[in-house]
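Student: I am new to this structure. Can you walk me through how to read it?
Tutor: Gladly. Let us look at it together.

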Amino acid sequence: MAEAIDYSIFVTTSDEGVSQMSLAVDGIDCAACIAEIETGIMALPGVVQARLNYSTHRLAVAWRPESSPDAVVRRLEDLGYRAHPFVGEAEASEAAHARWLLRCLGVAGFAAMNIMLLSISVWSGNVSDITPETRDFFHWISALIALPAAAYAGQPFFRSALRAIRTGSLNMDVPISIGVVLALGMSVVETALSQHHAYFDSAIMLLFFLLAGRYLDYEARRRTRALAGNIATLRGQMAHRIDADGMPVLVPVQALKADDLILVAAGERVGADGVVISGRSAVDESLITGETLPRPLEQGAVVYAGSLNGDGALTIKVTAGGESTLVDDVQRLLDGALAAKSGYVRLADRVARRYAPVVHLTALIAALGWLAVGASVHHAVMIAVAVLIITCPCALALAVPAVQVTATGRLFRAGLLVNAGDMLERLAKVDTVVFDKTGTLTLPDLALAVPPDADPALVGLAGRLALSSRHPLAKAVAGRASGGPVDGVPEVPGSGVSALVDGVEARLGSLAFCGAVLPADLPPTDSVMAVRHGARVLVMGVAQALRPDAVTVVRELTARGLDIRILSGDREAAVAPVARALGIAVAGAGLKPAEKIAALDALKGEGRCVLMVGDGLNDAPALAAAHVSLSPVTGAAVTQAQADAVFLGRRLAPVLAAVDGSRVAARLMRQNLALAVLYNVIAVPLAVAGLVTPLVAALAMSGSSILVTVNALRAARPTREDEVADATPAREAVA
Amino acid sequence: MNVLVYLVPLALMLGGLGLVAFLWSLKSGQYEDLEGAAVRVLSDDDLPETPSDGRAADRSRERVK
C-alpha cells in the first residue's frame, strides 16, 4: 500500500511527546520472528521501544515525533508481516482482572504452604508430646497468616457471593464464603480457648484450590478472545475518506464519523453504513441479509457496512448508527432477544441452589442432635462447623471449571474460539441445529462452475483477463489464471474486459458482451459470465459453493440425533438446491431477522433447544435468541460478538467438533459433580459423628479436588476426527 | 523450644520473601508472555555485534530454523 494511512485514532501520546500504539501482527511462526520484528522496528529512527508478545501476537511500539505509525506498519510489511493497529480497552481490563486473580492465588499459595508447615507440626505433636504453649503459639501464628491472607485472596469469592445475595439468588460462592468465614472464625475461638484443633489450613487450602481453577478458566477464555480479536483486527477495515480538500485519504473504519464522505471503488467492501451521494452500482449484501443477488443502487439509496460493491464507484455519506432502518431493527431485536436469554442458570449455580440449603440444614440438625443427646454447647457447635467445613464445595466448585478449561483447549485445537463460559453445558443439551445458508453452509466467497467439457486453455485465458478486472465476480475466475495478467486491458463498466491475445480479440464479461447464449443446463441461481477468444465461447456459472465438508458434517450431525434445519434470508430458488444437496428437509427462505426469531421461538415452544449457526448481520438477533450459537470467523462483527463461539477455516467440521466436545464435557461435568456428591455422602456422616479432625478434613479436601481435576483432564484427549481437522485454521481464516 | 521463637519468624520471613518476589515478577509483567519468554532465549541479541538492521536478524532466523 503506497498510500499514506491515517492511524491517529489508534495512537496515544504522552506529555513528553512519546506516542504509543498496539498492533496485531500476522505471520509470526517461529522464535526468530521476535528478534527480526523487534530489531527491525527499533532500527527505525525515533522508535524508542518495540516489544512483541509472542503468546498473543501483539506488538507494542513507542516512538518520538521523528517516526510515524505509518512507517512502523510499512516496515512490518517489508519484513513480511501483515499488521493492523488495534484498540483493546476491554482487553486491558480483562488482563488486569487476570493479574488480580493471579495475585490472589500467589497470596493464598504462600499462606497455605506456611500454615500447612505449622499444622503438620501440630498434628504430629497432638499424638506425641507437644506442649499446649507451643501448640497455641503455632495456632496464633497460623491465624496471623490466615486472616489477612483470606481477607485478600478471598475477595473474588466474597464479592461474587455478596452480588448474588443482593440480587436474591444463590451461587457456588455463597457456601464457599460462609464455609471460609466460619472455619476461620471458629479456629480463632478454639485457639483462644487453647483447644487441640484449628482449621486455618483447611480454609486457606480451599481458597488456593478454587483460585487455581478460577484463574485457569479465566485465562483460557481470555487467550481465545485475544486471538479472535487479532483475526477481526487483521481483516483490516479501511476506507477512503474524502477530506475537506477533496483528496481521498485511507483511514481505518473506526475513524469514520457521521457525515464523512467516503469513496468506495469497484469491488471494495463498504466501510460504514451510509447513503449514496453519487455513483451507480450494485452491491452484494450477502453478509448483511443473506441475499445473494446483487441489489442495484442509485443516488439516495441506503448501504450497509460489509456490503461488497459491484462494478461502479460510489460516493457515500456516512450515517450514524441509528439512522439506517435495518441496523436499527437488528439492534432492537437483539436487545429483546438478550433480555429473554438472561434467564439461563449455569449448572454449577443450579447445583449450589440445591446444595447450600441442604448443607446448612444438615449442620444445624447435627448440632441440635448432639445437644439432644447431652453434649455441651461448645461440642455441638464444633460438630456443626466441622460439617460445614467438610462439605465446603471444593470438589464441587472445581468440578465444572476444570472441565471447561480442558474442553476449551481441545476445541481451540479443532478451530473453535469459545466466547461464553457456559457455552459447553448449553451446547450439550441441543437437539435442533439451525443453519443460515449464505456464508455459513456455503463459503463466504464465490466459486466458479465450469462445464466439464470446457477447454482448459480457455478457462486459463479467462483467469488472466480476470486479473485485470475489478468486478467482484472476476475474483472467482482469477484463481484459474494460466499466467500473468494480459497487458492493456480496458474495462467496460457493466460489460467486461477485452484485450488482444495472440492477435485475436479476447473478451470476458456478460453474455451480451461476449455474444454468448445461456446454456439450458446451468442452474438458474448462478450468476453467469462468458469468455470469448476468437470464435471459441465458454459460458461459466459463478455461485456460492458449499463448504467442502458440509455434506459430511450435516450427515454426522443427523447421525447424532440432531434435527437439522435452514433459515435463510436468501430467495427460495437459492435455498432449495442447497437444502436438497445436504438432505435437509425443512428449509425456510426469504426470512427477515424478526421472522427468524419467530421461527426459533416456535421451535422453543415445542420444547427444543436450538443451536443457531449464522454469519450475517441479519442473523445476529437469531443468534442471541437461540439457546446457543456459533458463527464463522468471516461473519459480520456484530454477529460474532453475539455468538457463543467463533469457528475458523473453510470447513464446517468445527461445528461437529463443538457438538462432540460439549457432549464429552457435559458428561465429565456430571461425573465430577457425582464424584463430589459421593465424597460428601462419605464425609458428612463422619463429620456428624464427630470423627473429623483437621487432618481428615485436609486429606479429604485435597483428595477429592485432585480426583475431579484428573477426571476433567480426560476432556482434553482429542478424538481421531480432531486430529485430522484443519492443521492451520487460523492462517486459513486470515488469508 | 526457645529456638522456635526466632526460627519460626525466620522461616516466615523467607516465605514472605518468596511472596514478594512473586508479586514483583507479576507486577513487572513477567507473566504477560509465557511462550515468548521460552523462545527468547534462542535469540542472539546479547552477542557483541548488535544488529543495527534486519540482516543480523535474518542470520539468526536461519540458525534457529
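Tutor: Start with one term. Contact means heavy atoms within 4.5 Å. Keep in mind that this is a predicted model.

Student: Which residues is Thr438(A) in contact with, leaving aside its neighbours within four places in sequence?
Tutor: They are Ser286(A), Gly290(A), Thr292(A), Gln544(A), Ser568(A), Asp570(A) and Asp615(A). Thr438(A) itself belongs to helix H14 of chain A, residues 437–441.

Student: Is Thr438(A) buried or exposed?
Tutor: Buried means under 20% relative accessible area. Thr438(A) has 1% relative accessibility, so Thr438(A) counts as buried.

Student: Which residues of H15(A) are buried?
Tutor: Leu458(A), Val459(A), Gly460(A), Leu461(A), Ala462(A), Gly463(A), Leu465(A) and Ala466(A).

Student: What covers the buried residues of H15(A)?
Tutor: The cover includes helix H16 (474–478) of chain A. It also includes strands E19 (496–501), E20 (504–509), E21 (527–533) and E22 (536–546) of that chain.

Student: What is found at the start of H15(A)?
Tutor: Look at Asp455(A). One of its side-chain oxygens comes within 3.1 Å of the backbone nitrogen of Ala457(A).

Student: Now chain B. How many helices and strands are there?
Tutor: Chain B has three helices and zero strands. Along the sequence, the pattern reads α-α-α. Of its 65 residues, 23% count as buried. Chain B exposes about 4800 Å², and carbon and sulfur atoms supply 65% of that.

Student: How many residues of chain B are in contact with chain A?
Tutor: 29 residues of chain B touch 31 residues of chain A. Between them the two chains bury about 2500 Å². Carbon and sulfur atoms make up 68% of that buried area.

Student: How many salt bridges are there between chain B and chain A?
Tutor: A salt bridge pairs a side-chain nitrogen of Lys or Arg with a carboxyl oxygen of Asp or Glu, within 4 Å. The count here is two. One of them joins Arg99(A) and Glu32(B), at 3.2 Å from N to O.

Student: Which elements give two or more residues to the side of chain B that touches chain A?
Tutor: Helices H1 (3–27), H2 (34–40) and H3 (54–64) of chain B. H1(B) gives the most, with ten residues. That side of chain B divides into 16 nonpolar, six polar and seven charged residues.

Terms used: Residues numbered from 1 in each chain as written. Chains lettered and ligands numbered in written order. Predicted model: local features only at pLDDT ≥ 70, side-chain atom pairs only at ≥ 80, totals over all residues. Heavy atoms only, no water. Buried area = accessible area lost by both parts, 1.4 Å probe. Helix = DSSP H or I, 4+ residues; strand = E, 2+ residues; numbered from the N terminus. Nonpolar A, V, L, I, M, F, W, Y, C, P; charged D, E, K, R; others polar. Buried < 20%, exposed > 50% of the residue type's maximum accessible area, 1.4 Å probe, protein only. Areas by Shrake-Rupley, 256 points an atom, 1.4 Å probe, with all protein chains shown as cover. Polar contact = N/O pair within 3.5 Å; in protein donor to acceptor, adjacent residues only side chain to side chain.
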